[in-house]
Amino acid sequence: MTEASSAAEAGRGTILVINGPNLNMLGTREPEKYGTSTLADVEQLAASAAEKHGFVVECVQSNHEGVLLDAIHAARENAAGIVINAGAFTHTSVALRDALAAVQLPAVEVHITNVHQREEFRHHSYLSPVCAAVIVGAGVTGYRLAIDYLADVL
Ligand code: DHK
């Protein structure tokens, strides 16, 4: 087995959970919209959901687009699927869309809020066309639903 294929093998039980800009502020950020769960709570919720299905999660949060791109690229070797809340980059980033398309892993786009009930600029997502599923407006439960879905299809 080559080094690359054994890494891919090791990644089969891993789901990458990506949170983009400002999601490190969960818990205190506009709680009337985003709720009071912290990023640590979200990552714990994702880990517990994954564990129930025999998966583990790798969690990445960054306010920097390039860091998120690198995490998606690495997932090609290290993960079987991706849960992504790209925050505001959802509405701006062709680069994140291209990265998701390039790695060809099943991905689920999650938004805590129902972006369609919010400002017009949040209604368009560059990522939705390259994601297998999109979950919006379910609060942080959306992360669990995304993991349940990925566990089902993987
Ligand atoms: C989170 C953000 O940071 C916003 O920029 C998106 C999303 C919505 C959410 O609902 O999780 O527009």
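**Reading a predicted model together**

Modeller: Let's begin with the pocket. The largest pocket has a lining of 15 residues, and those nearest its centre are Arg29, Tyr34, Gly87, Ala88 and Arg122. Keep in mind that this is a predicted model.

Colleague: Since the model is predicted, where is confidence lowest, and where is it highest?

Modeller: Start with the general idea: where pLDDT is low, the predicted coordinates should not be read in detail. Here, the mean pLDDT of the protein chain is 95, and 94% of the residues score at least 70. The lowest confidence falls in helix α1, residues 3-11, with a mean of 56. Strand β3, residues 81-85, has the highest, at 99.

Colleague: Next, the fold. How many helices and strands are there in the protein chain?

Modeller: Six helices and five strands. Along the sequence they come in the order α-β-α-α-β-α-β-α-β-β-α.

Colleague: And how does the radius of gyration of the protein chain sit beside that of a compact globule?

Modeller: The idea is to set the chain beside a rule based on its length. A compact globule of 154 residues would have a radius of gyration near 15 Å, and the protein chain has 15 Å, so the two agree. Along the principal axes, the C-alpha atoms fill a box of roughly 50 × 30 × 25 Å.

Colleague: What share of the residues counts as buried?

Modeller: Of the 154 residues, 44% do. Taking contacts between residues at least 6 apart, 77% join residues at least 24 apart.

Colleague: One backbone matter. Which value does phi take at asparagine 22?

Modeller: Near 75°, which is positive in a residue other than glycine. Asparagine 22 sits in the loop between β1 (14-19) and α2 (31-34).

Colleague: Where is glutamine 104 found, and what is its phi?

Modeller: Glutamine 104 lies in the loop between α5 (94-103) and β4 (107-111). Its phi is near 55°, again a positive value in a residue other than glycine.

Colleague: Are these two residues buried or exposed?

Modeller: For this we use relative accessible area, where exposed means over 50%. Glutamine 104 has 68%, so it is exposed. Asparagine 22, with 37%, is partly exposed.

How values were computed. Residues are numbered from 1 along each chain as its sequence is written. This is a predicted model: local features need pLDDT of at least 70, side-chain atom pairs count only at pLDDT 80 or more; totals for chains, interfaces and linings use all residues. Side-chain values use heavy atoms; hydrogens and water are left out. pLDDT is the predictor's confidence in each residue, from 0 to 100. Helices (H or I, at least four residues) and strands (E, at least two) are DSSP runs, numbered from the N terminus. On a 1 Å grid over the protein atoms alone, a cavity is a set of points where a 1.4 Å probe fits but cannot get out, and a pocket is an open set with protein on both sides within 12 Å along at least five of seven lines; lining residues have an atom within 4 Å of a point. The radius of gyration is taken over C-alpha atoms; the globule rule is 2.2 Å times the number of residues to the power 0.38. Buried means under 20% relative accessible area, exposed over 50%, partly exposed in between (1.4 Å probe, protein chains only). Contact means heavy atoms within 4.5 Å.
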